[in-house]
Amino acid sequence: TSNNNIEELLVKKYELLRKMNNSIKKITNKKDLLKDYLDLSTTDIAELDTEYFKAEKLVKEYALDHSKVEKHKDYISFLEKIRIINEDIESNKRMHNKNVLQSNKVIKSKAGSIVAKIFKYKLKVYYKTNKADDTDSF
């Protein structure tokens, strides 16, 4: 499912951030730039996504201030890989949101609400996405 795909992509993003953190240590001797983001205790997908995005932003800001990092092959590779992961995450969020929209419409219908009560189905939550035209605006 799209939810499982997002989890797998976040694991990849975590590994990429960890590797970039190690590269920054080697390039600039800065210890644990991303420590707070790599030691998160939450398992909530939305929260991890938000925190990893903040970590990614921190790396980019740090690289702008340190030309050694900005020009390093590890950083250039990091940018490309993180871009692909982010696109895949957004795509999976949109797919999840479309499925949730359909499911929630059925649950809100008269017949669907009866079945939902019997089987204890609940409305599902949308992911926030970067696209304004997505279902998170419903």
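This is a predicted model: local features need pLDDT of at least 70, side-chain atom pairs count only at pLDDT 80 or more; totals for chains, interfaces and linings use all residues.
Q: Let's start with the helix itself. How many residues does α3 have, and what distance does α3 reach from its first C-alpha to its last?

A: The helix α3 covers residues 45–65. It has 21 residues and reaches 31 Å between its first and last C-alpha, close to the 30 Å expected at 1.5 Å a residue.

Q: Now the partners. At what angle do α1 and α3 cross?

A: Their axes cross at roughly 30° and come within 10 Å. An angle under 35 degrees counts as roughly parallel, and α1 and α3 are therefore roughly parallel to each other. Their crossing is left-handed.

Q: Which residues in α1 and α3 meet?

A: From α1 come Asn-3, Ile-6, Glu-7, Leu-10, Lys-13, Tyr-14, Leu-17, Met-20, Ile-24 and Thr-28, which meet Ile-45, Leu-48, Asp-49, Tyr-52, Phe-53, Ala-55, Glu-56, Val-59 and Tyr-62 in α3. Sorted by class, this contact has 13 nonpolar, two polar and four charged residues.

Q: And α5: are α3 and α5 roughly parallel or roughly antiparallel?

A: Look at the angle again. Helix α3 packs with α5 (residues 73–108) at about 155°, their axes being 12 Å apart. Because angles over 145 degrees count as roughly antiparallel, α3 is roughly antiparallel to α5. Here too α3 makes a left-handed crossing as it passes α5.

Q: Which residues in α3 and α5 meet?

A: On the α3 side, look for Asp-49, Glu-56, Val-59, Lys-60 and Ala-63; they meet Tyr-75, Phe-78, Leu-79, Ile-82, Asn-86, Ile-89 and Lys-93 in α5. The residues of this contact divide into seven nonpolar, one polar and four charged.

Q: What is Lys-93 in contact with, leaving aside its neighbours within four places in sequence?

A: Its contacts are Ile-6, Asp-49, Tyr-127, Lys-128 and Thr-129. You have already met two of these names: Ile-6 is in α1 and Asp-49 is in α3.

How values were computed
Residues are numbered from 1 along each chain as its sequence is written. Side-chain values use heavy atoms; hydrogens and water are left out. Axes are lines fitted to C-alpha atoms, for helices over the stretch in contact, and angles run from 0 to 180 degrees between N-to-C directions. Helices (H or I, at least four residues) and strands (E, at least two) are DSSP runs, numbered from the N terminus. Angles under 35 degrees count as roughly parallel, over 145 as roughly antiparallel, 65 to 115 as roughly perpendicular and the rest as oblique. A crossing is left-handed if the near helix is turned anticlockwise from the far one by less than a right angle, and right-handed if clockwise. Contact means heavy atoms within 4.5 Å. Ala, Val, Leu, Ile, Met, Phe, Trp, Tyr, Cys and Pro count as nonpolar, Asp, Glu, Lys and Arg as charged, and the others, Gly among them, as polar. The expected span of a helix is 1.5 Å times one less than its number of residues.
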